[in-house]
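The stops below can be selected one after another.

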Amino acid sequence: MKDVFLKAGLTALAAAAAGLLAALHIHTRATVGEPFTPLLAVAVALAAACTAFLFSLTVFARNHRLAQELEMLTHAHARLEAKTRTDHLTGLSNREHFYRMLKSSRRKSEIRSLLIIDADHFKKINDRHGHLVGDKALMKISQALCRAVRANDIVARIGGEEFGIILINADAHETLEVAERIRREVECIEFIASDGSKVPLTVSIGGAAEIGGQPASFLMREADFCLYQAKNRGRNRAVIQPLAQEKHPHDTRQGVAPGETKVLPDCRGTLPAARH
């Protein structure tokens with residue numbers, strides 16, 4: 001702030017000096033009887049203009065620097081805010097941001113569904129191939145999740161090999177469809193480890209659809225319970241509540257438990273198209 005006051009003081013002194021000189025010159029000419037000529041008027045006007053220019057230049061230069069600094073601070077704040085809500089490995093939302101969004105979606109009175117996804121046998125991948133290969137596998141899985149979800153869904157990494165997805169305005173049947181797309185996308189990943197061996201990747205999915213304005217904690221409990229069921233039933237499958245109490249109306253396949261997607265033998269089928 002000292003330099004601002006210094007420049008303002010110097011500008012004031014310059015303006016005072018210019019005015020004093022103009023007044024002195026006019027007084028001198030009047031004393032000797034010389035008329036006030038147009039040239040003198042121009043000189044006085046130029047003195048005032050130069051003073052105003054210097055003052056304006058100082059103010060505008062300072063404002064320009066302040067605007068640049070404000071823009072830099074705004075960008076830095078945006079980067080910091082993005083960093084605090086982003087998982088450093090996958091680039092997805094992190095656990096804290098995920099739970100904030102889950103709660104805020106309820107406050108906005110939006111119908112929500114929740115998916116909890118866990119990579120199957122992931123500890124074996126880390127133990128056999130190392131954590132670097134495991135990290136690459138997590139990145140492949142996160143990319144598959146992003147391909148399978150809809151444009152407005154929120155995808156996050158909420159644990160080591162655990163992911164969460166908030167589906168806005170999706171009923172239980174649509175939630176099951178999204179879960180199946182995810183399961184198939186991950187199952188179809190061709191992942192090769194550093195030793196050249198092919199590593200199969202699959203996920204188990206538990207989901208819960210809101211049917212009566214339940215709090216976020218209720219959806220988490222239901223989704224966790226469904227994830228537990230999916231793993232107990234053999235993994236590489238999705239179990240969704242409240243469909244666990246009924247049969248999917250469009251599911252005519254045999255051998256599929258209520259609210260559960262069937263594991264297909266390979267990846268030659270066509271994935272249902274994601275809706276955007």
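Start with the backbone nitrogen of Leu92, which lies 3.2 Å from a polar atom of the Thr90 side chain. This is a predicted model: local features need pLDDT of at least 70, side-chain atom pairs count only at pLDDT 80 or more, and totals for chains, interfaces and linings use all residues. Residues are numbered from 1 along each chain as its sequence is written, and side-chain values use heavy atoms, with hydrogens and water left out.

Stay on Thr90, in the loop between α2 (38–84) and α3 (95–107); helices (H or I, at least four residues) and strands (E, at least two) are DSSP runs, numbered from the N terminus. Thr90 counts as buried because its relative accessibility is 16%, buried being under 20% relative accessible area and exposed over 50%, with partly exposed in between (1.4 Å probe, protein chains only).

Next, select α4, residues 122–129. Phe122, Ile125, Asn126 and His129 are buried there. They lie on the same side of α4 because they cover an arc of only 100° around the axis, taken from the directions from the helix axis to the C-beta atoms. On the face turned away from that side, look for exposed Lys123, Lys124, Asp127 and Arg128.

Key
Polar contact = N/O pair within 3.5 Å; in protein donor to acceptor, adjacent residues only side chain to side chain.
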